[in-house]
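Colleague: I am new to reading protein models. Could you take me through one, feature by feature?

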Amino acid sequence: MLDIRRIRTEPDVVKAALARRGIDGSDIDRVAALDEQQRRLAAERDEVRVQVKALSKQVGALHRDGKADEAAAAQAQSRALGEREQTLAAEAAAAAAEVRELLLRIPNLPHPDAPDGASEADNPVVRVVGFDPDGYEPAQRIPHWDLGPRYGILDNERAVKISGAMFTMQRKGGATLARALTQYALDRNADAFEEVRPPSLVLSETLTATGQLPKFADDAYAIERDDLWAIPTAEVPLTSIHRDEIIDTASLPLRFMAATSCYRREAGSAGRDTRGMLRTHEFDKCEVFAYATPEQAPELLDDLIDRAERGIADLGLAYRVLEICTGDLGQSHHRSFDIEVYAPGTDQWLEVSSVSWFSDYQARRGNIRYRPGGGGTAMVHTLNGSALAVPRVWAAIVETYHDGDAIAVPEVLLPYFRGSTRIA
RNA sequence: GGAGCGGUGGCAGAGCGGACGAAUGCACCGGUCUUGAAAACCGGCGGCCCGCAAGGGCCCGAGGGUUCGAAUCCCUCCCGCUCCGCCA
């Protein structure tokens, strides 16, 4: 959510920033007009309230002095004012609600350094690491959806029987690999991040704070009978840990990590990437997250990117880093980087991590504050990144480490394999 | 799920129709004293909104209602605790 005061004081700056995302400024004009109306109504309401309060005090005093007639007159006057106050209060509240409703749907302003662009195709590649297009053996050029059934480690046919399309089931060494990746991601970030196991079903308020609601309700699974939603990422509950709180400034930055299942309806993606493990309704992911001051945020962003990169590099996989251009930036994002791993069997770059800085956009939605030096309160900044998204890394490993007879276990995962060195 | 009790400032805890945004204690910040610290004493100390300011309004779990006036009375909901039931 953008700062309404910023929209009031420098609407042109806000509109110019949104224009970089390809969004016209008409919503900003609407919000500004409604906001002005809201403030006018609230001021009028307050004036009436002042009179009611003064009259009420008089009534009490008059009764004590035994002047019943005068008290009755003041009461009548106050009652009449009370009706006017109620009308004004209702109008002001309605205007305020409408302002918020609009504000919740306006995306964040991009960082000045975020590259301009219209779509995914314009995301610049920042660097490519460990990739040699001619360095792969024929055995590595087999897609994981063929290797999976061949070695009995992926059983999507039965997953579909159990849960329908776009669900997967790993078995034997494949299941171990999935679990090992989660454990690996947690272990290597435990130096700086508190491990959390948050709830996977959350309230609407929780999903609103991160930005999924109200605009992207169709993307999330709803458990309507109990008014709960299945989380699409651990970012959602982690962001709400300190929702509606003022965080002790000395404790910032606060860093959390959580491995959870993530649930996505993938509305609009039906028929895309349907084979194997590339796009599924339920998958495991280890998320790293931070609350920070605005001053701490840039450094933390670099650290999150670095951690995600090293996690992939140490698995022996080739990857590249992309910066997200203004036209492809998610609604809540201020600045964002993607890490894509190379899967030789499918010959694709697979997005396995997205690291983002949200500035104060989510904090304002969730009312998450701290006390900056000069007194008062201010919104914190939030940042998050996938330390590791399991399915696509799983696919890249199975393809990269296939030698014709089995899949070798990457060295850094050996501690999680109960002595096995090969998946077959 | 049933019954009982309860939700007040960072915490504890008073208030139970009018002068209450709210006693008191603790915590916290500044000062005095001290070589330094502790103790003691003095002062300060919630959040939000509007306003250049002066000032005004709102917030006692949430939402409605009664009243000239609600933290205080009534209704609905949410949450917590205790006991019972069920349960991995």
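Predicted model: local features only at pLDDT ≥ 70, side-chain atom pairs only at ≥ 80, totals over all residues.

Colleague: In what sense do β6 and β12 pair, parallel or antiparallel?

Modeller: Parallel. Three bridges link β6 to strand β12 (residues 368-370).

Colleague: How do I read another open sheet, the one containing β5?

Modeller: Read the order, then the sense. The order is β3-β5-β4, and the pairing is antiparallel. The edges are β3 (201-202) and β4 (222-223), each with pairing on one side only. Strand β5 (residues 228-230) runs antiparallel to β4, and two bridges join them. Look for Ala222, whose bridge partner in β5 is Trp229.

Colleague: Where do side chains point in a strand?

Modeller: In a regular strand they alternate between the two faces of the sheet.

Colleague: How many residues of strand β14 are buried?

Modeller: Buried means under 20% relative accessible area. In strand β14 (residues 381-389), nine of the nine residues are buried, so the strand is largely enclosed by the rest of the structure.

Colleague: Which strands pair with β14?

Modeller: Strand β8 (residues 282-292) is one of them, antiparallel to β14 and joined to it by eight bridges. Within β14, Gly385 stands opposite Val288. Strand β11 (residues 348-357) also pairs with β14 in the antiparallel sense, over three bridges. There, Trp357 has Leu383 of β14 as its bridge partner.

Colleague: Now helices. At what angle do α7 and α12 pack?

Modeller: Take the angle and the axis distance together. Helix α7 (residues 172-189) packs against helix α12 (residues 390-400) at about 120°, and their axes are 10 Å apart. The two helices are therefore oblique to each other. Their crossing is right-handed.

Colleague: Which residues of α7 and α12 meet?

Modeller: From α7 come Gly174, Leu177, Ala178, Leu181 and Thr182; from α12 come Val390, Val393, Trp394, Ile397 and Val398. Sort them by class, and this contact has eight nonpolar residues, two polar and no charged ones.

Colleague: Let me try a single residue. Is Asp35 buried or exposed?

Modeller: Check the relative accessible area. For Asp35 this is 4%, so Asp35 is buried. Next, place Asp35 in the fold: this residue is found in helix α3 (residues 26-64). Then list its neighbours. Leaving out residues up to four places away in sequence, Asp35 touches Ile4, Arg8 and Val99.

Colleague: What should I look for in the backbone of the loops?

Modeller: Look at omega and phi. Begin with omega at the prolines. Leu213 and Pro214 are joined by a cis peptide bond, with omega about 5°. Pro214 has its place in the loop between α8 (204-210) and β4. Another cis peptide bond joins Leu252 and Pro253, where omega is about -5°. Pro253 lies in the loop between β6 and β7 (254-263).

Colleague: And what is the phi of Met166?

Modeller: Near 65°, which is positive in a residue other than glycine. Met166 sits in the loop between α6 (156-163) and α7. Met166 is buried, at a relative accessible area of 13%. Ser359 is another case: its phi is positive, about 45°, although Ser359 is not a glycine. The loop between β11 and α11 (361-366) holds Ser359. With a relative accessible area of 8%, Ser359 is buried.

Colleague: Finally, the whole chain. How many helices and strands are in chain A?

Modeller: Chain A has 12 helices and 16 strands. Its C-alpha trace spans about 100 × 45 × 45 Å along the principal axes. Of the 424 residues in chain A, 50% are buried.

Colleague: What share of contacts in chain A comes from residues 24 or more positions apart?

Modeller: Count the contacts with a separation of 6 or more; residues 24 or more positions apart account for 74% of them in chain A.

How values were computed: Residues numbered from 1 in each chain as written. Chains lettered and ligands numbered in written order. Heavy atoms only, no water. Helix = DSSP H or I, 4+ residues; strand = E, 2+ residues; numbered from the N terminus. Buried < 20%, exposed > 50% of the residue type's maximum accessible area, 1.4 Å probe, protein only. Contact = heavy atoms within 4.5 Å. Axes fitted to C-alpha atoms, helices over the stretch in contact; angles between N-to-C directions. Parallel < 35°, antiparallel > 145°, perpendicular 65-115°, else oblique. Left-handed = near helix turned anticlockwise from the far one by under 90°. Nonpolar A, V, L, I, M, F, W, Y, C, P; charged D, E, K, R; others polar. Pairing = 2+ DSSP bridges.
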